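Hi there,

Here is the structure I promised to pass on. My notes on confidence and charged residues follow below it.

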Amino acid sequence: MFLTLARYVRSPPPDRWWKRRYVFNNTWRFWGRHRNCYKIAIQSMQHAWRHARRGRAEKKRFVRGLWIERLRAASEEHGLSYEHLVVGLDMAQVQIDRKVLSHLAIYEPKTFKALAEIARISYGEGLMAATGKQPEGVFTRVVHWE
Amino acid sequence: MASRVQQHWLTFSRMWLLCDARWQPTPELAKRICKYLEGRHKPVYHPLTDCGDHVVVINTKEVAFDKNQWEKKLYAVNTGYKDTMIAMSAKDFHRMDPTKVIEREVYSELPKNSQRQNLMTRLHLFPDENIPDNIKENLVDIIPPVMEPPKRLDEFTEEEKASWPRFFIPPADYKPAD
């Protein structure tokens, strides 16, 4: 059976007005001809969408960097470095993430001070374990997850 | 705290910090001053909030450079005459104006954005320890030094000299070969 002619018939495209309306709904805030002229507006819209897609990934990176910057400042206030804080908390099996830690450093300073002490002690304990000496007055407790 | 508003004002208030540049290595000192000017020493830091502090640097004429940097490092100086830019060694530049070396170093360490000029106006440099009274009133805290200044041999006490660890103690009749 000859089917090619049937396949040349397509469904009608959307009305030109509606197609352009979609673009202008997305570009109503742009400047000048980028707002009102379709040929220019569609390019601006596509650029904007590309920047937004890239920005969504970059925002996550930027925000994490800001948490780390803030934790660096907060741990310096307590006489620790950021690396010691993170490694010490990891050794003490405290699994609080950087987002919550930086929030605590700003809004719950006493809690953060206690966490810094935990990190300081467990970081020191790691070295003591390597050298074979136990610090006095320290009670270590390891949590096992089954 | 009486209210949240007061707590907010106190958290974001701009502090005045003192820095002693006596015998401090210049590039490391500049990085430390930048950190305090930008506000990176605060847990509430954000690049968009203007949370940096004022930094008052004293004894800038006694700042230190490593090795032979005083002779080797060159600064571009505008003489004011047309088409002439002079490369001055750090020694001559420091002799010309004792505060300019630290000013140039901090300017090059700051992030290269529109905040830079603004932050430079919050840096106050003095060649010795004479500070105007209106700035002295504002000072709140001291920036910890980059390096403790080294002591001369005659500044050590006899006990310290005797208890200093030695590699080996030679016998009484030891004579070094000439």
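In this predicted model, confidence within chain A is lowest, among its elements, in helix 1 (residues 4–8) of chain A, with a mean pLDDT of 67, and highest in helix 4 (residues 38–77) of chain A, with a mean of 97. Chain A has a mean pLDDT of 88, and 78% of its residues reach 70 or more.

Now to the charges. A:R16, A:K19, A:R20 and A:K39 form a positive surface patch, and helix 2 (residues 16–26) of chain A supplies the largest share of the patch, three residues. A:R20 sits in helix 2 of chain A and counts as partly exposed because its relative accessibility is 34%, which falls between the 20% and 50% limits.

- A:R54 pairs with A:E58, their closest N and O atoms 3.8 Å apart. Both lie in helix 4 of chain A, four residues apart, about one turn of the helix.
- B:D50 pairs with B:R14, at 3.6 Å between the closest N and O atoms. This pair links distant parts of the chain, 36 residues apart: B:D50 is in the loop between helix 2 (26–38) and strand 2 (54–58) of chain B, and B:R14 in the loop between helix 1 (4–11) and strand 1 (16–20) of chain B.
- B:E158 pairs with B:K161, the closest N and O atoms being 4.0 Å apart. B:E158 is exposed, at 58% relative accessibility, whereas B:K161 is partly exposed, at 38%.

Salt bridges with shared partners also join A:E69, B:E38 and B:R40 into one network.

Best wishes

Conventions:
Residues numbered from 1 in each chain as written. Chains lettered and ligands numbered in written order. Predicted model: local features only at pLDDT ≥ 70, side-chain atom pairs only at ≥ 80, totals over all residues. Heavy atoms only, no water. pLDDT = per-residue confidence, 0-100. Helix = DSSP H or I, 4+ residues; strand = E, 2+ residues; numbered from the N terminus. Patch = residues over 30% accessible without salt bridge, like charges linked within 9 Å, V, L, I, M, F, W, Y side chains within 5 Å. Areas by Shrake-Rupley, 256 points an atom, 1.4 Å probe, with all protein chains shown as cover. Salt bridge = Lys/Arg side-chain N within 4 Å of Asp/Glu carboxyl O. Lys, Arg positive; Asp, Glu negative; His and termini not counted. Charge placed at Lys NZ, Arg CZ, Asp CG, Glu CD. Buried < 20%, exposed > 50% of the residue type's maximum accessible area, 1.4 Å probe, protein only.
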